[in-house]
Amino acid sequence: MPDQPKLIDLSHTVAHGLVTYKGLPGPIICDYLSREASRKLYSPGTEFQIGKIEMVANTGTYLDSPFHRYPDGKDLSELELQKLANLPAIKISPSKQTIDASCFPGGADLAGKAVLVETGWSRHWNTPQYFEGHPFLTEDAARFLSDSGAALVGIDSYNIDDVADLRRPVHSILLKNEIPIVEHMTNLAAVPPTDFRFFAVPVKVKSFGSFPVRAFAIV
Ligand SMILES: [Zn+2]
């Protein structure tokens, strides 16, 4: 169909028991009100299900707000929609584990944009390999992205930081500068390098740092 924008889903499916991050529990998904139990509340033939989910904030494909790292940083409810939706976007595809500033184009190309980093690591999602040896950004890459005025940074890996570096410099620098982070993305191969828009909007929860998003691109 001409003039019909193409929507590309960049999100993992959240499922009962599926662990996103090693050491954190997978979500518990169940009925709060089952269809069967609802029948006595409505007319014959009319039924509903109300689900209940218990999960840590960092589940599935999710967005980190500054509050995730800093107690005085903006929480999910304080993020401006302009920083989360309809962002002009660029994708880089470095084929190495340690992604430094040299992997990114000139800063002028990044200003105001969502910068998505395709590593291909999402192919290991829901396997033990996902937790070991993932690609990550370096501290100088985070500084470069921040200095370049990037609006948001996303990655299809297990953590945007090297999990061995307990200072978590990439989270620290980006979130200090109010640049939200999207992690555990998938399907980035389907997105072109440039000329697309990116959306990753979490629920507006007060005093909360991270939340799953339905991340997607419009090409
Ligand atoms: Zn994070």
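**Notes on the surface, pockets and loops of this model**

1. V14, I29 and I53 together make a nonpolar surface patch of about 210 Å². Keep in mind while you look at it that this is a predicted model.

2. I29 is worth a click, as one of the three residues named in that patch. You'll find I29 in strand β2, which runs over residues 28-33. Its relative accessible area is 36%, so I29 counts as partly exposed. The band for that label lies between the buried cut-off of under 20% and the exposed cut-off of over 50%, and patch members need over 30%.

3. Now for the open spaces. The largest pocket holds about 180 Å³ of space. Its lining comes to 13 residues, and the ones nearest the pocket centre are Y21, H68, N159, R168 and H171. If you want to find the spot quickly in your viewer, those five names are the ones to select.

4. Searching the whole structure for cavities of 30 Å³ or more turns up 1. The volume of the largest cavity is about 50 Å³.

5. Which residues line the largest cavity? They are P66, K74, L79, E80, K83 and E178. By class, that lining has 4 charged and 2 nonpolar residues, with no polar ones.

6. On to the backbone, with two residues to check. N126 isn't a glycine, yet its phi is positive, at about 65°. N126 sits in the loop that links β7 (114-117) to β8 (136-137). Is N126 buried or exposed? Its relative accessibility is 54%, so N126 counts as exposed, the cut-off being over 50%.

7. D195 is the other one. Here phi is near 60°, again a positive value in a residue other than glycine. Look for D195 in the loop between β10 (181-183) and β11 (196-199). With 70% relative accessibility, D195 counts as exposed.

How values were computed:
Residues are numbered from 1 along each chain as its sequence is written. This is a predicted model: local features need pLDDT of at least 70, side-chain atom pairs count only at pLDDT 80 or more; totals for chains, interfaces and linings use all residues. Side-chain values use heavy atoms; hydrogens and water are left out. On a 1 Å grid over the protein atoms alone, a cavity is a set of points where a 1.4 Å probe fits but cannot get out, and a pocket is an open set with protein on both sides within 12 Å along at least five of seven lines; lining residues have an atom within 4 Å of a point. Grid points are joined across faces, edges and corners, and a volume is the space filled by probe spheres set on the points. Ala, Val, Leu, Ile, Met, Phe, Trp, Tyr, Cys and Pro count as nonpolar, Asp, Glu, Lys and Arg as charged, and the others, Gly among them, as polar. Patches are made of residues with over 30% relative accessible area and no salt bridge: like charges are joined within 9 Å, nonpolar side chains (Val, Leu, Ile, Met, Phe, Trp, Tyr) within 5 Å. Accessible areas come from the Shrake-Rupley method with a 1.4 Å probe; for residues, only the protein chains shown count as cover. A salt bridge is a side-chain nitrogen of Lys or Arg within 4 Å of a carboxyl oxygen of Asp or Glu. Helices (H or I, at least four residues) and strands (E, at least two) are DSSP runs, numbered from the N terminus. Buried means under 20% relative accessible area, exposed over 50%, partly exposed in between (1.4 Å probe, protein chains only).
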